[in-house]
Amino acid sequence: EGWRRITNQRHRTVEIGDEIGFRVLSLLDGSRDRERLVDDLAAMGLDRDSVYRKLETGLLSLHHLCLLT
């Protein structure tokens, strides 16, 4: 459960709701577009169709947590 807590850009501890959100965050280094994110998450063993459907919602959620600018 410790992987769910992270410090955001406002120096507040926030909780990431699911493992996919945390994995997406770990891949956001500026080198990947959405398709590449889906490919890399699928390579981690996550269901490609599920990732593709949830990616936009996940990115918006990370933005609302002040983890993305």
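**Helix packing and selected residues**

Tutor: In this model, Ile-20, Gly-21, Val-24 and Leu-25 of α1 meet Val-51, Lys-54, Leu-55, Leu-59 and Leu-62 of α3, where contact means heavy atoms within 4.5 Å. Helices (H or I, at least four residues) and strands (E, at least two) are DSSP runs, numbered from the N terminus. The model is predicted: local features need pLDDT of at least 70, side-chain atom pairs count only at pLDDT 80 or more, and totals for chains, interfaces and linings use all residues. Residues are numbered from 1 along each chain as its sequence is written, and side-chain values use heavy atoms, with hydrogens and water left out.

Student: How many nonpolar, polar and charged residues does the contact of α1 with α3 have?

Tutor: Ala, Val, Leu, Ile, Met, Phe, Trp, Tyr, Cys and Pro count as nonpolar, Asp, Glu, Lys and Arg as charged, and the others, Gly among them, as polar. By these classes, the contact of α1 with α3 comprises 7 nonpolar, 1 polar and 1 charged residues.

Student: At what angle do α1 and α3 pack?

Tutor: Axes are lines fitted to C-alpha atoms, for helices over the stretch in contact, and angles run from 0 to 180 degrees between N-to-C directions. The axes of α1 and α3 (residues 48-64) are 10 Å apart. The two helices are roughly perpendicular to each other, a term for 65 to 115 degrees, with under 35 roughly parallel, over 145 roughly antiparallel and the rest oblique. The packing angle of α1 and α3 is about 75°.

Student: Which residues of α2 does α1 meet?

Tutor: Helix α1 (residues 19-27) and helix α2 (residues 34-43) pack at about 120°, with axes 11 Å apart, and are therefore oblique to each other. From α1, the contact involves Arg-23, Val-24 and Leu-27. Their partners in α2 are Leu-37, Asp-40 and Leu-41.

Student: Is Met-44 buried, partly exposed or exposed?

Tutor: Met-44 is found in the loop between α2 and α3. Leaving aside neighbours within four places in sequence, Met-44 is in contact with Arg-23 and Leu-27. Buried means under 20% relative accessible area, exposed over 50%, and partly exposed in between (1.4 Å probe, protein chains only). With a relative accessible area of 37%, Met-44 is partly exposed.

Student: Which backbone oxygen does the side chain of Arg-4 reach?

Tutor: Arg-4 lies in the segment before β1 (5-7). Not counting residues up to four places away in sequence, Arg-4 touches Val-14, Glu-15, Ile-16, Gly-17 and Asp-18. At 2.7 Å, the Arg-4 side chain reaches the backbone oxygen of Gly-17.

How values were computed:
A polar contact is a pair of N or O atoms within 3.5 Å; within protein, one must be able to donate a hydrogen and the other to accept it, and residues adjacent in sequence count only if both atoms are side-chain atoms.
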